[in-house]
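Look at the model below before reading on. The text then goes through it step by step.

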Amino acid sequence: MITIAVSKGRIYEDALPLLAEAGITPIDDPLTCRKLILRTTRDDVQLVIIRATDVPTFVEYGAADMGIAGKDILLEHGAESLYEPLDLNIACCRLMTAAHKDAPPIAGRVRVATKYVKITQRYFAGLGIQAEIIKLYGSMELAPLVGLSDCIVDLVDTGNTLKANDLEPRDLIMNISSRLVVNKAAMKMKHQAIQSLLDQFEKTLAKRG
Ligand code: ATP
Ligand code: PRP
């Protein structure tokens, strides 16, 4: 049995067509059933449905053989202990700094609200900017509006969330997409099964171009 960890929401939705091409379709819909382990149309593959931030942990400990996670989550977690064989090119967005549209350029000593503490620390240290980081778990865009921070580090796709809150994107930290990650021991112990899944995903991605 191969266990694949996936988070509900955009990654699950974007991953479904890719999984379907490999013959993997969940039998139950995680949106309507409360099951956390989903059997699929393939007897040898099951999905576990977890929070996006927990995917690297499940795969690292071998509780899942493989997983799908955003590069943002992998970098923040520190995923050196995982194989990252494929860029799935789904859930694409940008990790950026953003500030109020009337705020001055980000420089000197700044207060930054983000859920990406490690990435943000590294980024500002690299620029030689002294940053005080305030860890938040969501709604980062609110922080500059209520005086909690000078700027934020968050994901931007259409830019609509920033715009709706009078913020503007400033600097690109990195482009983000979701990656397939594999547990190192599983890669050895279940090599054939995992390699054949990787080949199938790769074929589908190549077709997509
Ligand atoms: P959690 O469940 O831990 O709170 P989350 O709410 O951030 O996580 P999602 O919003 O589904 O979970 O995001 C999952 C991944 O999708 C992110 O890690 C990122 O890689 C990508 N992502 C997030 N926001 C966007 C967006 N607006 N557009 C495209 N991709 C995004
Ligand atoms: C993400 C991100 C931004 C928004 C950006 O939030 O944290 O708030 O998407 O997308 P946009 O540029 O297209 O507006 P998400 O939708 O995941 O909400 P959440 O953080 O509350 O889960």
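The model is predicted.

Begin with strand β9, which covers residues 151-156. Most of this strand is covered, with 5 of its 6 residues buried. A residue is called buried here because its relative accessible area is under 20%. In a regular strand, side chains alternate between the two faces of the sheet.

Strand β9 pairs with two other strands. Strand β6, made of residues 93-100, runs antiparallel to β9, and 6 bridges join the pair. To find this pairing in the model, look for Leu 95, whose bridge partner in β9 is Leu 155. Strand β7, residues 109-114, pairs with β9 in the parallel sense over 3 bridges.

Now turn to ligand 1. There are 16 residues around this ligand, and those that come nearest are Arg 10, Arg 51, Thr 53, Asp 72 and Lys 115. Two helices, α1 (10-21) and α3 (71-77), each supply at least two residues of the shell. Some of the contacts can be followed atom by atom. Arg 51 places a polar side-chain atom 2.8 Å from an oxygen atom of ligand 1. In the side chain of Asp 72, an N or O atom is 2.7 Å from an oxygen atom of ligand 1. With Ala 91 the backbone takes part: one of its polar atoms is 3.3 Å from a nitrogen atom of the ligand. Ligand 1 taken alone exposes 620 Å², and the protein buries 78% of that. The space that ligand 1 takes is the largest pocket.

Ligand 2 leads back to strand β9. Which element gives the largest share of the shell around ligand 2? That element is β9, with 3 residues. Both β9 and α6 (160-164) supply at least two residues of this shell. The residues around ligand 2 include Asp 154, Leu 155 and Val 156, and also Arg 10 and Glu 141. Arg 10 is also among the residues that come nearest to ligand 1.

Polar backbone atoms of Asp 157 and of Gly 159 each lie 2.7 Å from an oxygen atom of ligand 2. For Thr 161, an N or O atom of the side chain is 2.4 Å from an oxygen atom of the ligand. Taken alone, ligand 2 exposes 510 Å², of which the protein buries 60%.

Conventions. Residues numbered from 1 in each chain as written. Chains lettered and ligands numbered in written order. Predicted model: local features only at pLDDT ≥ 70, side-chain atom pairs only at ≥ 80, totals over all residues. Heavy atoms only, no water. Buried < 20%, exposed > 50% of the residue type's maximum accessible area, 1.4 Å probe, protein only. Helix = DSSP H or I, 4+ residues; strand = E, 2+ residues; numbered from the N terminus. Pairing = 2+ DSSP bridges. Near = heavy atom within 4 Å. Polar contact = N/O pair within 3.5 Å; in protein donor to acceptor, adjacent residues only side chain to side chain. Areas by Shrake-Rupley, 256 points an atom, 1.4 Å probe, with all protein chains shown as cover. 1 Å grid on protein atoms, 1.4 Å probe; cavity = no way out; pocket = protein on both sides within 12 Å on 5 of 7 lines; lining within 4 Å. Sits in = over half its atoms within 2 Å of the grid points.
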